[in-house]
Amino acid sequence: MSYEKVSQAKKIIIGTKQAVKAIQTYKVSEIVIAEDADRRVVNKVLQLAEERQIPISKVDSMKKLGKACGIEVGASAVAIIY
């Protein structure tokens, strides 16, 4: 499950703006998107990931994704770094 990938990853970048920056540096191995995130918020991340052919995983909950990242708030997007 993607929550486990996120919690076990050595380096992650949390948030849509930071994920976009990470994708632009070509260091991202995978993007994880919460299904309940606002589509307008995650569209740029999804678009860039598809352009760069970065795998995209989806999880059902922003709150659970945030918890997997070790933060107390929800996370709409997480970039897993090489």
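Buried means under 20% relative accessible area, exposed over 50%, and partly exposed in between, with a 1.4 Å probe and protein chains only. By that scale aspartate 38, at 34% relative accessibility, counts as partly exposed. This is a predicted model, in which local features need pLDDT of at least 70 and side-chain atom pairs count only at pLDDT 80 or more, while totals for chains, interfaces and linings use all residues. Residues are numbered from 1 along each chain as its sequence is written, and side-chain values use heavy atoms, with hydrogens and water left out. Helices (H or I, at least four residues) and strands (E, at least two) are DSSP runs, numbered from the N terminus.

**Sheet**

- Four strands make an open sheet of mixed pairing, in the order β1-β4-β2-β3; two strands pair if DSSP finds at least two bridges between them.
- β1 and β3 (56-59) are the edge strands, each pairing on one side only.
- On average, neighbouring strands of the sheet are turned by 20° against each other, direction ignored; the axes are lines fitted to C-alpha atoms, and angles run from 0 to 180 degrees between N-to-C directions.
- The β1 and β4 pair is antiparallel and has three bridges, with isoleucine 13 opposite alanine 79 in β4.
- β2 and β4 also run antiparallel, joined by five bridges; valine 28 has isoleucine 81 in β4 as its bridge partner.
- Five of the five residues of β4 are buried, so the strand is largely enclosed by the rest of the structure.

**Helix α2**

- Helix α2 spans residues 16-24, and Thr16, Ala19, Val20, Ala22 and Ile23 are buried in it.
- Down the axis of α2, these buried residues fall within an arc of 160°, so they line one face of the helix; the arc is that of the directions from the helix axis to the C-beta atoms.
- Lys17 and Lys21, on the other side of α2, are exposed.
- β1 (12-14), β2 (28-34), α3 (39-51) and β4 (77-81) are the elements that the buried residues of α2 pack against, where contact means heavy atoms within 4.5 Å.

**Serine 57 and glutamate 30**

- Serine 57 is in strand β3 and counts as buried at 15% relative accessibility.
- Leaving aside residues up to four places away in sequence, serine 57 touches Ser2, Lys5, Glu30, Ile31, Val32 and Ile33.
- The side chains of serine 57 and glutamate 30 make a polar contact of 2.2 Å. A polar contact is a pair of N or O atoms within 3.5 Å; within protein, one must be able to donate a hydrogen and the other to accept it, and residues adjacent in sequence count only if both atoms are side-chain atoms.
- Glutamate 30 is buried, its relative accessible area being 10%.

**Salt bridges**

- There are three salt bridges in the structure, each defined by a side-chain nitrogen of Lys or Arg within 4 Å of a carboxyl oxygen of Asp or Glu.
- Lysine 5 and glutamate 30 form one of them, at 3.1 Å from N to O.
- That pair links distant parts of the chain, 25 residues apart: lysine 5 belongs to helix α1 (residues 2-8) and glutamate 30 to strand β2.
- Lysine 5 counts as partly exposed at 41% relative accessibility.
- Arginine 40 meets aspartate 38 in a salt bridge of 2.9 Å, N to O; arginine 40 is exposed at 69% relative accessibility.
- In the salt bridge of lysine 64 with aspartate 60, the closest N and O atoms are 3.9 Å apart.
- Lysine 64 is partly exposed, with a relative accessible area of 46%, and aspartate 60 is partly exposed, with 47%.
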